[in-house]
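Let's take a friendly look at how charged side chains pair up in a protein model. Please have the structure open as you read.

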Amino acid sequence: MKFGGLIGRIGPLLARRHGDTWHYGLRTGDEHGNPIGVIHGGTLMTLLDQTATLVAIWLTGEKAVMTVQLDTRFLAPAKVGELIEGEARLRHRTQSMLFLDAALSVDGRPVADASVIMKILPRSTKLVPKDG
């Protein structure tokens, strides 16, 4: 998948549907790592957030959503060059909020996970201000 903004600079983000869920992936390179050869925590958090966001958008029928809270747990290092896979699942939903669990793994080995709260935005919400 091709995106602009931060995820566009980190990606490309790989995507595949598996049954009724989506799975995302990032093939990591030197630009994702820190000086000791492991993937930077900011990259993992960005991938967790993007995975949860894309699943939330899919679950809401493509409504805009915004992350309100992202509680992250780093479980094991991922190394430069590895494919990190992400998935997210809905835990609870209200009229205006989604509560999701997101997880990242490398070859089935857990790397990081997060509890994510997302706000469903009204259709009229403009996320990018107009110039001028």
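The report below walks through salt bridges and the places they connect.

## About the model

This is a predicted model, in which local features need pLDDT of at least 70, side-chain atom pairs count only at pLDDT 80 or more, and totals for chains, interfaces and linings use all residues. Residues are numbered from 1 along each chain as its sequence is written, and side-chain values use heavy atoms, leaving out hydrogens and water.

## Salt bridges

Side chains of opposite charge can pair when their charged atoms come close. A salt bridge here is a side-chain nitrogen of Lys or Arg within 4 Å of a carboxyl oxygen of Asp or Glu. The count by this rule is five salt bridges.

## Aspartate 113 and arginine 73

One of them joins aspartate 113 to arginine 73, with 2.6 Å from N to O. Aspartate 113 sits in strand β6 (residues 109-120) and arginine 73 in strand β3 (residues 65-74), so this pair ties together parts 40 residues apart in sequence. Strands (E, at least two residues) are DSSP runs, numbered from the N terminus.

Aspartate 113 is partly exposed at 22% relative accessible area, and arginine 73 is partly exposed at 35%. Partly exposed falls between buried (under 20%) and exposed (over 50%), using a 1.4 Å probe and protein chains only.

## Aspartate 101 and arginine 91

Aspartate 101 and arginine 91 also form a salt bridge, their closest N and O atoms being 3.2 Å apart. Aspartate 101 belongs to strand β5 (residues 97-106) and arginine 91 to strand β4, ten residues apart.

Terms used. Helices (H or I, at least four residues) and strands (E, at least two) are DSSP runs, numbered from the N terminus.
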